Amino acid sequence: MHLIYENKYGIVSMGNTSDRWRIIDIKGLNLTDKTYSVIRYAAFGGQETVYTSSDARIITVSGDVYSENLKEEMERALRIFNEEGSLSVISKDKQRLIKCSRITFNEVERMGSYLKFTLQFICDNPYFFDLFPTVTGVFDTTGLLKTSFTLPCTFSTRNNKRYIVNQGDINTEPIFKIYLQNEAELQQGDERGYKITNLTTNQMIWLKYQLCEGEVVTIDIPGRSIESNIYGNIIINISDDTFLNDFTLQKGENLISVLNYNANETVKVECIYDNMYVEAVY
């Protein structure tokens, strides 16, 4: 088992044979506890569960650290542990990452250059991610898609469809990036812009907007924002029936449809998302 805690202040690596920090035991990589809301009825036995929520994750690590200059090593590590960061959990071919909001460090015993410790990583979001987000093209213009293609892919005024696979255990919220490839004349009226639909869940985003030369639009669903690299916040341009918090990628296959209403305009699109996992067992 190899753990890497990292933030802008540095890295603490634990568990590798060359590391100063050695892991003796680790807990908290299994399923987290859950909070349930239930309703009981006077005339009936039992109860009805109406709401379930996973609690924050607490990962507890016990181990020891050895350094000929233990004071300097502890000063360095505690500066890093004092700030939020990400914890990578690596075991053979399984690699997971989780965001940590705060850390507690306890010194158990010190003997010269040797120190025993316990660490607790508190993770407000209890789910693990892959080390890097998944990036996939939404689709390509008919006739251009081949067995291999370069991301992001191209779509035109056709209503294009592509399967995107969420390999995690939890529904996830994606980010869509739209790039202008070939500018067209300005469209008038209400039927314009870009409509992205998850046909599997019947969820939709319709951005009534037209990109200009050099513009990139980011539809950040987890961040609840739509930003242009030129004009800033453009979320006002969504349709009245668009709600960012409704759009998710369910577990497994999702058939994504993209419709570009801007005639003779060619844009590129990519979908960026995290597979989320309920465990990082080894």
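Where is Asp19 found, in terms of strands and loops?

A: This is a predicted model: local features need pLDDT of at least 70, side-chain atom pairs count only at pLDDT 80 or more, and totals for chains, interfaces and linings use all residues. Residues are numbered from 1 along each chain as its sequence is written, and side-chain values use heavy atoms, with hydrogens and water left out.

Asp19 lies in the loop between strand E2 (10–14) and strand E3 (21–27). Strands (E, at least two residues) and helices (H or I, at least four) are DSSP runs numbered from the N terminus; the chain has 23 strands and one helix.

Asp19 is buried, meaning under 20% relative accessible area with a 1.4 Å probe, protein chains only. Of the 282 residues of the chain, 43% count as buried.

The side chain of Asp19 does make a polar contact with the side chain of Ser13, at 2.9 Å. It also reaches the backbone nitrogen of Asn16 at 2.9 Å. A polar contact is a pair of N or O atoms within 3.5 Å, where within protein one must be able to donate a hydrogen and the other to accept it, and residues adjacent in sequence count only if both atoms are side-chain atoms.

With neighbours within four places in sequence left aside, Asp19 is in contact (heavy atoms within 4.5 Å) with His2, Ser13 and Met14.

Notes
Buried < 20%, exposed > 50% of the residue type's maximum accessible area, 1.4 Å probe, protein only. Lys, Arg positive; Asp, Glu negative; His and termini not counted. Salt bridge = Lys/Arg side-chain N within 4 Å of Asp/Glu carboxyl O.
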